[in-house]
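Hi,

Here is the structure I promised to pass on. Have a look at it first, and then read my notes below with the model open beside you.

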Amino acid sequence: MESLPIWEVYLYVDGPVTVKSRIRTTERKGFHPQNPFYSDVQIESVPSGLRARLTARAQDKKLAYKAGVYFFGQMLDVLTLRIKQPMYLGLFQGSKPRQVEHNVRRMLDRDDFTDAFQDAHELAVHNHQFLRSLGWFRKGLTADDPLDKFLAFWNSIEIVASSYYRFVDGIDQERASNGSKSQIWECFKLMWGVCDVWPVIAAQRSWIDDNYAVRTDIAHGVAFVNIQDVEKVAARLPDIEEVSYQFLLDWKAQILVRRRFRLSEIHQDRLI
């Protein structure tokens, strides 16, 4: 079969990040060990953040762009959890709808990117649902609309809880089977113990129920038709952002790394 052509894709990252000098690396793409493809990646600083040039193999330039966004975006999802800075990915410099001047920037080095690329590849192969959650967390940091931000942070929590609760030892399966609120509660208990000592929301026993109700109203288009309703949601953002961040950080460290948990192996065993 004739090999696919190789394209150069240029992407821009809008955010408070920079690099001291141009970074070059070659990173593996795809999931076929018998026919791996490696992308040449170059990253440099621009006024709005970063510019990336990467190679992609695709039938046409539209598919090449999509492949580049997917590949580089997954790396950014991982990097976002590590540095907790908003990084908006676009096709043009300054492509974020609402521009913010970045007077203070996080300095990144080559290891930051190579480690994030490697981690993203491992997650894509073995824990893709967790990688999806990281994408929602990054969306929460970059979104401007308070309702979009709230939904993104909530989704980042809910996807992990609903995807893993059945397979992780230590979770009360009977209680978690009652629905997504119970799944989140039991996953929080596994990570942090009793509610009285949960980070950020200690002793707030109605926090999950209250925020689930807000999530349902937003998703179904209920209320939020005036500035007062939107401001009430905005007031919830600092806590839900921090809870999402701490939960994803701790789940990765305690479940995916310390226990070496791979959701892909559970699914594979069920197919055998």
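Start with the side chain of E27, which makes a polar contact with the side chain of T25 at 2.6 Å. Keep in mind as you read that this is a predicted model. You'll find E27 in strand β3, which covers residues 23-29. What is the nearest side chain of opposite charge to E27? That is R110, at 5.6 Å. Leaving aside its neighbours within four places in sequence, E27 is in contact with F37, Y38, S39, F71, T114 and F117.

Next, hop over to T55 in strand β5 (residues 49-57). Is T55 buried or exposed? Its relative accessible area is 10%, so it counts as buried. The side chain of T55 reaches the backbone nitrogen of D40 at 2.9 Å. If you skip residues up to four places away in sequence, T55 touches I6, W7, E8, K29, F37, Y38, S39 and D40.

Now for the charged pairs. Side chains of opposite charge can pair when their charged atoms come close. How many salt bridges does the structure hold? There are 12. Here are a few to look up:

- R53 pairs with E8, with the closest N and O atoms 3.0 Å apart. R53 is buried at 18% relative accessible area, while E8 is partly exposed at 47%.
- R51 pairs with E44, and here the closest N and O atoms are 2.7 Å apart. R51 is partly exposed, with a relative accessible area of 25%, whereas E44 counts as buried at 15%.
- R175 pairs with D172, with 3.7 Å between the closest N and O atoms. R175 is partly exposed at 48% relative accessibility, and D172 is partly exposed too, at 29%. On the subject of shared partners, salt bridges also join R22, E44 and R51 into one network.

Rolling a probe the size of a water molecule over the atoms shows where empty space is left. The second largest pocket holds about 360 Å³ of space. It has 15 lining residues, and the closest to its centre are G73, D77, G135, W136 and R138. Which helix supplies the largest share of that lining? The answer is α3, with eight residues. At least two lining residues each come from α1 (61-83), β6 (88-90) and α3 (128-142).

Most residues other than glycine have a negative phi. V200 is not a glycine, but its phi is positive, about 70°. V200 sits in the loop between α6 (180-192) and α7 (207-219), and it is partly exposed, with a relative accessible area of 36%. R260 also has a positive phi, near 55°, without being a glycine. Look for R260 in the loop between α8 (227-257) and α9 (263-271), where it counts as exposed at 71% relative accessibility.

Cheers

How values were computed: Residues are numbered from 1 along each chain as its sequence is written. This is a predicted model: local features need pLDDT of at least 70, side-chain atom pairs count only at pLDDT 80 or more; totals for chains, interfaces and linings use all residues. Side-chain values use heavy atoms; hydrogens and water are left out. Helices (H or I, at least four residues) and strands (E, at least two) are DSSP runs, numbered from the N terminus. Buried means under 20% relative accessible area, exposed over 50%, partly exposed in between (1.4 Å probe, protein chains only). Lys and Arg count as positive and Asp and Glu as negative; His and the chain ends are not counted. A salt bridge is a side-chain nitrogen of Lys or Arg within 4 Å of a carboxyl oxygen of Asp or Glu. A polar contact is a pair of N or O atoms within 3.5 Å; within protein, one must be able to donate a hydrogen and the other to accept it, and residues adjacent in sequence count only if both atoms are side-chain atoms. Contact means heavy atoms within 4.5 Å. On a 1 Å grid over the protein atoms alone, a cavity is a set of points where a 1.4 Å probe fits but cannot get out, and a pocket is an open set with protein on both sides within 12 Å along at least five of seven lines; lining residues have an atom within 4 Å of a point. Grid points are joined across faces, edges and corners, and a volume is the space filled by probe spheres set on the points.
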